[in-house]
Amino acid sequence: MSVTDIQTAINSGKTVLGIELGSTRIKAVLLDENNQTIAAGEHGWENSYVDGVWTYSLEEVWEGVQSSYKNMAEDVKAKYDLEVTKIGAIGFSAMMHGYLAFDQADNLLVPFRTWRNNFTEKACEQLMEVFEYPIPQRWSIAHLYQAILNDEEHVSEVDYMTTLAGYVHWKLSGEKVLGVGDASGMFPIDIETASYNQRMLNQFDDLVADKNFSWKLEDILPKTLVAGESAGTLTAEGAKLLDPSGKLQAGSLMCPPEGDAGTGMVATNSVAARTGNVSAGTSIFAMVVLEKDLKEVHPELDLVTTPTGKLVAMAHSNNCASNLDSWVNLFKEVTTSLGFEVDMTTLYKTLYNKALEGDKDCGGLLAYGYLSGEHITHFEEGRPLFARTSDSNFNLANFMRVNLQSALGAMKIGMDILIKEEGVKLDKMLGHGGLFKTKGVAQRLMAAAVNAPVAVMETAGEGGAWGIALLASYCLNKEDAQPLEAFLNENIFADQNESIIEPDAEDVEGFEIFMERYKNCLPVERAAVDYLK
């Protein structure tokens, strides 16, 4: 579109806005009528570890949402000399899972417990036994039941619980709803109804019947919606909350709020069976859209859904690039101390590419990037760790390679269950997220980890904010009964360029050797957690 066409779209409100609250940044993207990004804004933030809980305050949530929107609006002003006053449709997404519980007066009962907390193991064990269904520690129902097991006083006052995306959407639209993909990280979903599993809802109520709570579980959960359904409109109060300047008008259509897993599927066109995608940043999760149910219950795997309600198996690891980033920052400090100024992009590119020169099995080195707990390997806390034997091949290439492969280690344990034990077919994995920014490095190692082709799209850097904007566009612009897959294939990805790396046999073999070391030495990490206080 020409600048004049874009200006017309902005003035007439024929745009869509997507905002995603990630773990380290909140990003807003504005799309034109052709679903092309015309403006963007972002806001950096970090979680806090307070009284043993990983959390963000609600004040930080709104500061970040408003800042990312303001920066997007300023980008529009700078590029097109216009103010944003009307937006056709808006979508919000955020980190999945966690625990946000409110009372009847809409007061937050306890600080937001994010996905990063790993202290619900007892709850998970009991719920899995009752439901005969995998319940990961991050899930909202695990947090609620653990609070019940802990006899926390606030539980009797719960009137509503939701996710971070659901909370923001609620405050801007007044609607207590959630996209089915995000809801699938709160409580198990019945694929036939695209809503919560009624058998398990009843089982949970029976399980806590002796507590005599005033609520039933179904009454305190958000209503589920599938992609394309209306999730309300932006209210006057919501418009003022999103844009305190008062320039934004109410009335924008709002699509169902989704989790970052769902927006990752959309942003990589991975919503059809036998497709998969992996999002690698602060955490890492690999997802495969299934053709049928799994044969066994595996605590290492999440069963979630696409934004349209199709069953998805997810191998989720709490830790990925954070410890890697710390090492890169250390090397930056070294170069600065020596009087050399190297920009971070060059430093990442140099160090990551160095890893490809390393031994396929990382030269006998060992690393765990567990900044926080890791449920797949059963750690309630994390201790980043590097170790080696006296005769290992210790050089920069192997050091970078072991930390990169370790960033994929826990995730690979889950994917091995899915592919090797369950026999799930994977035609192609699409990679996105910060780990893939250095061309070809993480992509090649990921191909070795899953022993399947890994593709990266040109738009992968757009990430989840673009994904939720596309869901808002689908809600606004879809043809009658047009499936999401068709909308994406025909309107978004028809001319998409992607680079594909096939798995290299030697890389695959080397990764398997490294993984044996990784699994065999988990007691070393356990000792670090137990003794390094």
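Here is a short chat about the holes, salt bridges and surface of this predicted model.

Residues are numbered from 1 along each chain as its sequence is written. In this predicted model, local features need pLDDT of at least 70 and side-chain atom pairs pLDDT 80 or more, while totals for chains, interfaces and linings use all residues, and side-chain values use heavy atoms, with hydrogens and water left out.

Reader: What is the volume of the largest cavity, and how many cavities of 30 Å³ or more are there?

Author: A cavity here is a set of points, on a 1 Å grid over the protein atoms alone, where a 1.4 Å probe fits but cannot get out. Grid points are joined across faces, edges and corners, and a volume is the space filled by probe spheres set on the points. Two cavities reach 30 Å³ or more, and the largest has a volume of about 70 Å³.

Reader: Which helix and which strand each supply at least two residues of its lining?

Author: Lining residues have an atom within 4 Å of a point, and for the largest cavity they include Trp 115, Asp 260, Ala 261, Met 314 and His 316. Helices (H or I, at least four residues) and strands (E, at least two) are DSSP runs, numbered from the N terminus. The elements you want are helix H10 (260-267) and strand S18 (311-317).

Reader: Which element gives the largest share of the lining of the largest pocket?

Author: A pocket is an open set of points with protein on both sides within 12 Å along at least five of seven lines. The largest one has a volume of about 1400 Å³ and 49 lining residues, with Ala 280, Gly 281, Gly 433, Gly 434 and Lys 437 nearest its centre. Elements giving two or more residues include strand S1 (16-21), helix H12 (344-355) and helix H16 (463-477). The largest share, four residues, comes from H12.

Reader: Which helix holds both Glu 74 and Lys 70?

Author: Their side chains meet in a salt bridge at 2.7 Å, N to O. Glu 74 is partly exposed at 41%, and Lys 70 is partly exposed at 47%. They sit four residues apart, about one turn, in helix H2 (residues 58-80).

Reader: How many residues apart are Arg 526 and Glu 380?

Author: Arg 526 forms a salt bridge with Glu 380, the closest N and O atoms being 3.3 Å apart. Arg 526 is in helix H19 (residues 522-531) and Glu 380 in the loop between strand S19 (366-368) and strand S20 (385-387), a separation of 146 residues.

Key
A salt bridge is a side-chain nitrogen of Lys or Arg within 4 Å of a carboxyl oxygen of Asp or Glu. Buried means under 20% relative accessible area, exposed over 50%, partly exposed in between (1.4 Å probe, protein chains only).
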